Amino acid sequence: MENAVVLLCKRGDVSCGVLLERTLSFQSLMTKLCAKWKDLTEGSFSLSFSVAGHPQCLLECDEDLCVLYALTLSSRTEFVDVVVKDLVDTSMVSTVVDVCSSSGDVGCDQLVLLDCVGTQVDLPPSFSDNNKSKVLKSAGWCTAIVGVGQVFVDGAVGFRDVLSMYSLFHGFKYVYAKNDAQTVKAVCLERHTSKECNWIVKAKLEMPSGYFVIKQFVGEHTCGDASLSYSSSRSTSSFVSRLVSEDMRSDESKRPVEVMKDMKKDYGVEITYRRAWMAVKKARAHVYGDYMESFKELSWYVGAFRASNPDSMCVLERHDSDHFKRMFLGFAACKYGFTFCRPILFVDGTFLKSTHNGCLLSACAKDGNQGLYPLCLAVVDSENYENWHWFMEQLKDFLEDGRVLVFVSDRHDGLLQAVKQIFPSSPHSHCLVHLKENLKKRFGGLDNSKKKYLLNLFNLCAYAPTAENNGTNVRRSISMKWKGVICPIMEKKFKGLFNVSKTWAISRSRDDLYEVRCDPSVSVNIASRSCSCGEWQINSFPCAHAFCALKRAGKNLNDYVDHYYSVHAFQNTYSKSINLVPTIWKDVTVGSDGNVLLPPLCNKRPPGRPRTERIPSTGVKTRKITCGRCGQVGRHNRARCKEPLEH
């Protein structure tokens, strides 16, 4: 058969042939071998093959099988030797004997397990299907080192990694007798301390190939199994980071605790939290780039960003000492989409968990389907008046639409002053959290049960998280399937208004003026799109009272909904795209010239114990309490009182 090769698979003293074709998968090969040897199960054995100069090549997946097939074609080989090695020692053959004795203490329904020399042993847990040993990802490490002549193309670093894998799988510890770029020699820890073990491996650099080759190897340990360990100092953070780097690409929020669990579950290796934390840090630097080095590329990024996203805004400022100071970023696509959103901006700042601390300032809006819509952001050293003033200046230059905006924030002192100076005609409102004190005053005339109910309802609204599961291109594609006139969330709101207003009575005063008799009664003016409750004017969306009046007047509800809530406006909001910044044409010398941007100046933590209470914003009144122990009025109670008492 053309382009066919025979795999001579040898297990012990028995060999069998399997036809290697281009269409043969690794799973099919495993199934064929399990059919040849009935006592084999998938995952209980490993495969390896040998080629000239490489006596031990792992065969673990479809890619390895394709490599083997390509090697046979290039070398015109007709057969390849494949070694089938059991991962579990089967040299001890156990025998189950049914013992039936009328005079003995053992019943006929009991089993006695004997080993090959007739010694009685306990029933192993493998007799239960639920306790089958798991095949670890480290199973291939068993034969990572095979003997003299083995070649490592990655030099000393590659050899040390393979040596770490080999020792971690077999559970022994070793030390380096010599360790440099030319020679690496390792001996068992027991040999190093008490001269009681013969295990040793030595590899040297060969020139001109630059490969590391094993020159000496004694693979037998004579120190016994008492020194076996689940952990080893050789499972360094760098070694662990190389194992978890691929997982970090798919889950960048992976935590050190999860890495510790994965190493134990997948590799059978125990590592400390500190080592896992360092491994996560190094893996992130390897996958996403080093945090400190990224500042050197910011100057290049600004120019590349402007070229990839015309009409976007990117402002980078530095200190006189060439250290990073602050940066503003606004995309043209977001600015265009904001014109189809209500002119309300939610501005806030939050701290950054980085080496140099810092603060992230952002401005967000809400689209027609009540989803969060990011508009722009800035990275600054701290949240103060100077940075808020600078942020508002950049925001004004970025928007350029002339609309009167409404700002919603926690009313930070610096933010309050900045909005008044940069946007003097724009109203500035509280967020829900800071309205609580005002609401308490308004609820003062209610009885305690109603007051408690309303405050609990307020807390649910204030602290309810907003789940954003869909990305910006995803939202665009989903909106193309909508068939209605207004967005689905607002359609559902109409259903809620209908259920609330079923029992209300409505009377017409004149052409467009209606009275809705509820508790309390209100008046609705359809022509001016207003309701005495004020909700229609604030939200630009009919309230429950307006819903009743519009239904009584026979009007189309969609005609009285602001265009910001329409499907057409939502689709326009996400019609533009943010272009990526490719790095393929980036000069390799970026960050090496004299005009380099240095990392931010370190913001040291102020002296003293960190605060445990939130700093209240402007307009928030704190409740004073009287301590039952010392009698003082302040912010502590009997349980937290530390005042000395006079006897």
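**A short tour of one predicted model**

Hi everyone, let's start with a hairpin: strands β12 and β13 form one, with four residues between them. In that turn sits G210, and its phi is positive, at about 80°. Please keep in mind that everything I show today comes from a predicted model.

β12 covers residues 200-206, and β13 covers residues 211-218. The two pair in the antiparallel sense over seven bridges. β12 also pairs with strand β11, residues 183-188, again antiparallel, and here five bridges join them. In β13, the bridge partner of I200 is V218. If you are new to sheets, here is the general idea: strands pair through backbone hydrogen bonds, either parallel or antiparallel.

Now to another sheet. Four strands form an open sheet here, in the order β21-β22-β23-β24, and the pairing is antiparallel. Why is one side of β21 and of β24 left without a neighbour in the sheet? β21 (505-510) and β24 (530-531) stand at the edges and each has a single partner strand, so one side of each has no neighbour there. For β21, the partner is β22, residues 513-517, joined to β21 by five bridges. Within this pair, you can look for S507, which stands opposite E515 in β22.

Next, a helix. α6 runs over residues 256-267, which is twelve residues. From its first C-alpha to its last, α6 reaches 16 Å, close to the 16 Å expected at 1.5 Å a residue. Which residues of α6 are buried? They are P256, V259, D262, M263, D266 and Y267. Looking down the axis of α6, you see these buried residues within an arc of 110°, so they line one face of the helix.

V6, L8, L19 and F79 make a nonpolar patch of about 320 Å². V6 belongs to strand β1, residues 5-11. Its relative accessibility is 33%, so V6 counts as partly exposed.

My last stop is R318, in strand β14, residues 313-318. R318 is partly exposed too, with a relative accessible area of 28%.

How values were computed
Residues numbered from 1 in each chain as written. Predicted model: local features only at pLDDT ≥ 70, side-chain atom pairs only at ≥ 80, totals over all residues. Heavy atoms only, no water. Patch = residues over 30% accessible without salt bridge, like charges linked within 9 Å, V, L, I, M, F, W, Y side chains within 5 Å. Areas by Shrake-Rupley, 256 points an atom, 1.4 Å probe, with all protein chains shown as cover. Salt bridge = Lys/Arg side-chain N within 4 Å of Asp/Glu carboxyl O. Buried < 20%, exposed > 50% of the residue type's maximum accessible area, 1.4 Å probe, protein only. Pairing = 2+ DSSP bridges. Expected span 1.5 Å × (residues − 1). Arc of directions from axis to C-beta.
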